[in-house]
Amino acid sequence: MVVGEIAEEKDVVIIGGGPGGYNAAINAAQHGFRVTLIEKEQIGGICLNEGCIPSKVYTTSAKKLSEVPGLSSFGIDVGEPNFSLGNLQSYRDQVVTTLRKGVEALCKKNKIEMVEGHASFLSEDRIGVDNGHQFDVFHFNHAIVATGSRPRYGQGLDVDHKRILDSRSIFHLEEVPEHLIVYGSDYIALEVAMSYHQFGSKVSLVLDGGKNDFDFDSSINKELGRLLKKQKIKLYKSCELKSVENQGEETHVSLLKNEEAVLLEGSHAFISLGHQPNTEELGIDRLKMDLSEEGHIKVDKQMRTSISNIYAIGDVTEGAALAVKAIKQSEVVSDTIAGKPSEFDGTFLPTVVHSIPPIASVGLTEEEAKDQYGDIRVAQFGYGGNGYATVHGKREGFIKYIVDDATDLVLGFHGLGEGAVELVSTGTVALEMVARDEDLKFPHYPHPSFNESISLAEFTTKREKVKS
Amino acid sequence: MVEVKLHDIGEGMTEAEILHYFVKAGDSVKADDPLVEVQTDKMTAEIPAPANGTIEELKIEEGTTISVGTTVLVMNAEGAIQKQEESKSAEEAAPQAEKIPTSSSAATAVMEKTQGRVLASPYTRKIARDHGVDIENVEGTGPAGRIMDEDVYRFIDGGSTQEVEPAEEKQEAPSRTYTDQQPESIPFKGRRKQIAKKMSHSLHTIAHCTHFEEIDVTDVQEWRKEWKSLDQGVSMTAIFIKAISLTLKDFPMFNAKLDEENEMIHLEKDHHIGIATDTPDGLIVPVIHHVNQKSIKEIHEEMKSLTAKAQNNELTSKDMTGGTFTISNVGPMQGSIGATPIINHPEVGLMAFHKTKRRPEVRGDDEIVIRSMMNVSMSFDHRVVDGASAVTFTNRFAQLIEHPNLITLELV
């Protein structure tokens with residue numbers, strides 16, 4: 001290793017080339033800054049290479065596969081589908097490569113300097129980059145930390161990426177597991193469970209942390225439970241995880257339910273327990289940067305850390321580990337550096353699950369709304385009454401929104417069913433626009449469409465329980 | 001049970017920080033024992049026990065800033081009479097607190113209503129951002145408490161103090177980029193806000209007029225040299241203060257307070273001279289009381305102790321109130337040759353002393369001599385006195401300084 005003696009002068013240095021980092025780089029370059037983007041692996045980050053994009057290739061495949069048996073109703077007879085994981089993986093690689101090349105071209109077009117290596121802060125205005133055979137020192141005016149996160153395991157789980165898998169390795173399996181035991185309750189756990197079920201695996205789903213249900217709105221939880229049962233995905237609630245052990249061809253998951261031992265014998269286990277911020281190797285212990293208890297970098301609404309010329313965005317900051325957050329924050333941070341007033345507000349960050357059928361949610365759940373506002377009204381419409389859903393043979397699902405009974409203010413919007421991921425944007429816009437119920441009901445929605453459900457939803461009033 | 005509340009202890013305070021408790025729960029105290037030390041934007045003060053009794057509970061943590069009327073601690077008082085008195089004064093304090101809603105309490109109310117959600121559309125939020133306004137401080141008047149564009153504009157027009165100049169727009173030319181420095185925002189509160197309030201109130205109320213004069217201070221400097229050689233160090237300011245007091249004796253209209261409401265001018269008999277003092281937190285005006293009854297030496301000593309207290313933030317309410325005339329000595333700063341000082345309302349006059357310079361002076365028989373000359377600026381309330389009397393006032397003061405032996409004629 002050659003230690004560089006002279007620090008190169010840089011303007012804006014971004015650490016991490018995920019959706020937060022590369023978008024911040026492009027935005028900052030468009031503001032006229034000279035930008036240096038440091039990435040130790042591949043540009044695109046988890047989202048493009050290991051996360052959102054590969055997983056959506058899988059969930060899309062699963063969805064298409066699930067639709068095959070219904071095709072005969074439309075006069076299309078294709079016989080028994082033949083699923084090839086190998087072909088799917090080729091397609092995944094093709095999609096990822098296409099998108100990555102797109103990002104690389106954008107970076108090049110915006111004259112972003114790409115540096116490969118592992119970056120760590122040396123002081124509040126200097127950073128070192130180690131790429132194995134060389135160590136460069138950069139002196140920067142502004143630095144943006146966008147190092148993202150990695151799957152969290154905890155509880156001494158030995159993830160070997162062969163039989164015991166995390167959200168990266170699950171999409172690199174060479175064969176469809178015979179019996180996949182999923183431990184988790186978040187969107188990744190659900191997507192993996194439902195996708196592999198479609199691919200032919202037997203799937204068992206164990207809610208993590210002894211939870212007795214998912215974290216969605218109660219109506220979604222209820223319908224989701226029914227759908228899992230129908231899909232013959234066995235759901236284990238209120239179980240304490242004792243151990244996950246790989247024994248050759250078998251993977252044993254030991255649980256404790258009501259003080260009784262339950263042993264699940266599967267071929268593979270998949271663990272999804274959220275994300276751990278990548279802050280340890282950044283050298284920020286040399287700086288006096290404020291971190292949360294869980295190790296996230298604390299930032300204000302303009303993405304400033306406690307050090308005035310260092311910013312942080314994406315999974316490395318507090319809050320949900322979602323690319324939608326990182327992308328928005330990348331706009332905010334480049335505006336902030338350019339001196340334009342900007343702010344990030346994650347109050348109405350939508351949550352989506354590409355399950356079968358999909359789930360989408362924004363704002364308060366019915367329970368949260370009752371807790372915070374007292375008397376509320378809930379509008380709900382089942383897809384059974386939606387003509388377009390019937391045409392598609394997708395009669396499972398509903399949309400639901402919640403308003404404050406006193407002011408008619410929309411508080412939350414939830415959907416489970418075909419089109420929910422696109423539908424939720426109507427709810428998000430309504431919430432951001434401080435809409436009241438009539439603002440959602442008055443507009444024209446295309447007929448026939450899934451959207452129509454919004455104007456058809458009928459209210460029921462829910463009174464706050466008198467607290468004793 | 002007696003609730004001990006934070007009262008207005010002068011200077012129009014609305015809030016104070018709890019610095020230190022002298023007692024803890026369970027302690028027994030006597031009436032007038034100090035219970036707690038509080039810090040306002042101008043001074044440190046102690047709240048005494050209203051009666052004999054025992055401390056029940058300390059309500060506010062040390063380091064917390066509270067508004068007037070807030071209950072600081074609860075004590076069990078002995079004797080019903082005192083109890084009644086106290087509960088009465090507590091009642092008096094409460095509406096006073098309501099009268100002066102602080103911005104923080106208004107913001108909290110909005111926060112509680114919205115449960116952390118900002119009730120404004122993204123477009124409205126951008127208007128606020130572009131004007132450097134924190135949307136959470138804006139009260140919504142729209143349906144369901146929604147913050148409208150107009151609410152933001154009204155907040156901006158309301159002279160909000162949080163406005164931050166939007167920094168310069170984006171930069172050009174990638175050949176050499178310049179860093180946009182983020183503007184720094186300093187909270188406009190505490191003493192700075194108090195000064196602003198007093199200054200604008202004075203300027204809005206008083207018909208200010210200022211004239212200038214130059215005074216030969218060579219002889220006073222000679223006196224001081226002589227005193228110093230006798231180990232009697234006395235500051236220039238102390239001599240000026242005495243000379244002002246002697247001048248006020250001849251021109252009592254400059255030691256007056258105008259009471260417009262009752263159509264009266266009150267002539268103060270005692271001379272309480274305020275001394276404008278610079279501190280790291282801003283200007284404050286400690287007062288030397290009864291200057292007319294004090295010797296130059298006493299004035300000098302008192303001034304020294306007041307200045308030290310001011311710099312250490314130890315001035316009490318008494319040290320800062322009751323002034324009848326104010327002086328401002330900027331001479332030692334070697335700066336200005338003139339100013340238009342703002343009068344310390346409700347006083348009538350203020351004299352500022354500027355730098356002293358060796359200058360050629362033409363004497364009676366066309367002789368040029370080198371003398372130490374000092375400029376003064378005299379601001380007066382033209383509603384109470386006129387230019388002519390102000391000139392005679394300044395003339396008399398100049399006479400006393402230029403011929404300091406005249407001061408001895410005034411010895412009682």
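A:H447 sits in the loop that runs between α11 (437–441) and α12 (453–456) of chain A. This is a predicted model, so keep that in mind for everything below. The UniProt record, an unreviewed entry, puts the feature "active site" at A:H447. Is that residue buried or exposed? Exposed means over 50% relative accessible area, and A:H447 comes out at 65%, so it counts as exposed.

An unreviewed UniProt entry places the feature "binding site" at A:K56, A:T147, A:G148, A:S149 and A:D315. What does A:K56 touch, once residues up to four places away in sequence are set aside? Its contacts are A:E191 and A:H354.

Now for a sheet in chain A. Five strands make up an open sheet in the order β9-β16-β10-β11-β12, and the pairing is parallel. At the edges you'll find β9 (164–165) and β12 (234–236), each of which pairs on one side only. The link from β9(A) to β16 (residues 268–271) of chain A is made by two bridges, with the strands running parallel. Within that pairing, A:I164 is set opposite A:A269 of β16(A). Helix α5 (residues 187–199) of chain A packs on the sheet and touches β10 (179–183), β11 (202–206) and β16 of chain A. The direction of α5 makes about 170 degrees with that of β10(A).

Over to chain B, which has 11 helices and 18 strands. Of its 412 residues, 40% are buried. Looking at contacts between residues at least 6 apart in sequence, 61% join residues at least 24 apart. The accessible surface of chain B is about 22300 Å², and carbon and sulfur atoms account for 51% of that.

One sheet in chain B is an open one of four strands, ordered β1-β8-β6-β3 with antiparallel pairing. Its edges are β1 (2–5) and β3 (28–29) of chain B; each has a single partner strand, so one side of each is left without a neighbour in the sheet. As a general point, side chains in a regular strand alternate between the two faces of the sheet.

Chain B also has a hairpin, built from β10 and β11, with four residues between the strands. There, B:E263 takes a positive phi near 55 degrees.

| Strand | Partner strand | Bridges | Facing residues |
|---|---|---|---|
| β1(B) | β8(B), residues 71–77 | four | B:K5 opposite B:T71 |
| β10(B), residues 256–259 | β11(B), residues 264–267 | four | B:D259 opposite B:M264 |

How far does the predictor's confidence go? Chain B averages a pLDDT of 81, and 84% of the residues score at least 70. For the complex, the predictor gives an ipTM of 0.76 and a pTM of 0.60.

Conventions:
Residues are numbered from 1 along each chain as its sequence is written. Chains are lettered from A and ligands numbered from 1 in the order in which they are written. This is a predicted model: local features need pLDDT of at least 70, side-chain atom pairs count only at pLDDT 80 or more; totals for chains, interfaces and linings use all residues. Side-chain values use heavy atoms; hydrogens and water are left out. Two strands pair if DSSP finds at least two bridges between them. Contact means heavy atoms within 4.5 Å. Axes are lines fitted to C-alpha atoms, for helices over the stretch in contact, and angles run from 0 to 180 degrees between N-to-C directions. Buried means under 20% relative accessible area, exposed over 50%, partly exposed in between (1.4 Å probe, protein chains only). Accessible areas come from the Shrake-Rupley method with a 1.4 Å probe; for residues, only the protein chains shown count as cover. pLDDT is the predictor's confidence in each residue, from 0 to 100. UniProt positions are given in the numbering used here, feature names are shortened, and annotations may be inferred rather than shown by experiment.
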